[in-house]
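Biologist: I've got a protein model open on my screen and I'm a bit lost. Could you show me how to read it, one feature at a time?

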Amino acid sequence: MKVNKLVVAPAIVLCLLLAACNGGGKQAQGAVGSHTVIDMAATDTVGPHGEKPTRVTDLALSPADAAKVKAGNYRAALLWHEMSAWSSAVQRGALDQFKNLGIRVVATADAKFDPATQANQIQNALATNPDVILGQAVDPTTGAAAYRPAVVKGVKLVFADQAPIGFTYPQQYQAIVTGDLFQLGRRAAEALGEAMGGEGNVGILFYDAQFHVTNLRDSAFKKTLQQKYPNIKIVAQQGFSDPNKAEDIANAMIAQHPDLGGIYTSWAQPAQGVLAALNNAGNTRTKLVTLDLDDTMATNMASGGVTVALACDRAYDFGRAMAVSAALAILGKKAPEFGIVEAVTVTKSTLTEGYSAWDQQLPKAVKEALG
């Protein structure tokens, strides 16, 4: 989302479709250099149009405003790009906050990364007459047409990560909530750099699409690694647009660079493919970092595997902030144009705290792996 956690033609917010091992990205396999979606000028988290961030971890309504919302019998729809561990945690935060505010959820949907499916789900949700929609556009480009009927109907819109392209604040959407994108990439780089002892060779698998969330996180990772760890060399970079192809790309990268000390990839789903490639090669030396909390990656980390850290946002607080933003919008009050929640670094020793940030207990498999 956050590829984690979203996308671009066909795309997500934290992720999507179509690359191949040879030539799927715009760079050749293992090529090193700049890329149009890795902006090395980035220095902090900003919005896709330069919006300045507002921290929303503690965003709250006044008692008077909360009472007005509770008395209003308002209705909400939750329309996600896909239902992952991340979006499930976001939804829990939103549902709990809506319950506290007396806002009734009349529709939920999982678009499964398909723009056409999402367009139909928006139409179905509008038939339930919601006052507000919380959602994430599968494709920020085609999402504008899909969400326009909601705008015409006067439904308030609160988006995760970014609004559909062409939508303006606060006329067509009333809030955006996202993670601290630069800090997520920075934390991943610091975790990998420390785990490698500040030296060695690294490979990067980045999301090869113009999608602000992953672009900024990937840029922050690369910039931090190069600035803080001069003895670490990036020897391989490969783009992907289909996370399901990450294993193929990683197989080739590992074969071409058997001395890799570390690998980074943009979020947990493609990282599972990288982990599979390392396991297939019998490689227990190359250290792996990625973004978002994921049970497969966490179990590998808990068991002493190659995964050394997961950088993630506080997904439960993310959902709560979206719901509070929705309530403010319903009342006609200004909600954050570009709100960000805090980032955390999850390691083997902090897994319990990491899952707590997603309002979860340690999964059984992770607990058993910790022994």
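Modeller: Let's go through helix packing, helix faces, a few single residues and some backbone angles. Keep in mind that this is a predicted model.

Biologist: Which residues in H5 and H6 meet?

Modeller: On the H5 side, they include Leu181, Phe182, Leu184, Ala188 and Leu192. On the H6 side, Val213, Leu216, Ala220, Phe221 and Leu225 are among them. By class, the contact of H5 with H6 has 11 nonpolar, 4 polar and 4 charged residues.

Biologist: What about H3 and H4: at what angle do they pack?

Modeller: H3 and H4 pack at about 20 degrees, with axes 8 Å apart. Angles under 35 degrees count as roughly parallel, and H3 and H4 are therefore roughly parallel to each other. In this contact, Gln118, Ala119, Ile122, Gln123 and Leu126 of H3 meet Ala146, Tyr147, Pro149, Ala150 and Lys153 of H4. Those residues divide into 7 nonpolar, 2 polar and 1 charged.

Biologist: Next up, helix faces. Why do some residues of a helix point the same way?

Modeller: An α-helix has 3.6 residues a turn, so residues three or four places apart point the same way. Now look at helix H1 (residues 63-70), where the buried residues are Asp65, Ala66 and Val69. Seen down the axis of H1, these buried residues fall within an arc of 100 degrees, so they line one face of the helix. They pack against helix H2 (85-101) and helix H10 (315-330).

Biologist: Can we zoom in on single residues? Is Ile254 buried or exposed?

Modeller: The cut-off to know is that buried means under 20% relative accessible area. Ile254 has 10%, so Ile254 is buried. You'll find Ile254 in helix H7 (residues 246-256). Leaving aside neighbours within four places in sequence, Ile254 is in contact with Ile263, Ala277, Leu278, Ala281 and Asn283. Also check Gly203: Ile254 and Gly203 are 51 residues apart in sequence, yet 8.7 Å apart in space, C-alpha to C-alpha.

Biologist: How about Gly198? Where is the place of Gly198?

Modeller: Gly198 is in the loop between H5 and strand E7 (200-207). With a relative accessible area of 17%, Gly198 is buried. Not counting residues up to four places away in sequence, Gly198 touches Gly193, Tyr229, Asn231 and Ile232. Gly198 and Leu225 are 27 residues apart in sequence and 9.3 Å apart in space, C-alpha to C-alpha.

Biologist: Last topic: backbone angles. What should I look out for?

Modeller: Most residues other than glycine have a negative phi, and most peptide bonds are trans. Lys112 has a positive phi, near 55 degrees. Lys112 lies in the loop between strand E3 (104-110) and H3, and at 61% relative accessibility Lys112 counts as exposed. Asn129 has a positive phi too, near 60 degrees, and sits in the loop between H3 and E4. With a relative accessible area of 46%, Asn129 is partly exposed.

Biologist: Which residue takes a positive phi just after H4?

Modeller: That's Gly154, with a phi of about 85 degrees.

Biologist: And where is a peptide bond cis?

Modeller: Go from Tyr169 to Pro170: that bond is cis, with omega near 0 degrees. Pro170 is in the loop between E5 and strand E6 (175-179).

Note on methods
Residues are numbered from 1 along each chain as its sequence is written. This is a predicted model: local features need pLDDT of at least 70, side-chain atom pairs count only at pLDDT 80 or more; totals for chains, interfaces and linings use all residues. Side-chain values use heavy atoms; hydrogens and water are left out. Contact means heavy atoms within 4.5 Å. Helices (H or I, at least four residues) and strands (E, at least two) are DSSP runs, numbered from the N terminus. Ala, Val, Leu, Ile, Met, Phe, Trp, Tyr, Cys and Pro count as nonpolar, Asp, Glu, Lys and Arg as charged, and the others, Gly among them, as polar. Buried means under 20% relative accessible area, exposed over 50%, partly exposed in between (1.4 Å probe, protein chains only). The arc is that of the directions from the helix axis to the C-beta atoms. Axes are lines fitted to C-alpha atoms, for helices over the stretch in contact, and angles run from 0 to 180 degrees between N-to-C directions. Angles under 35 degrees count as roughly parallel, over 145 as roughly antiparallel, 65 to 115 as roughly perpendicular and the rest as oblique.
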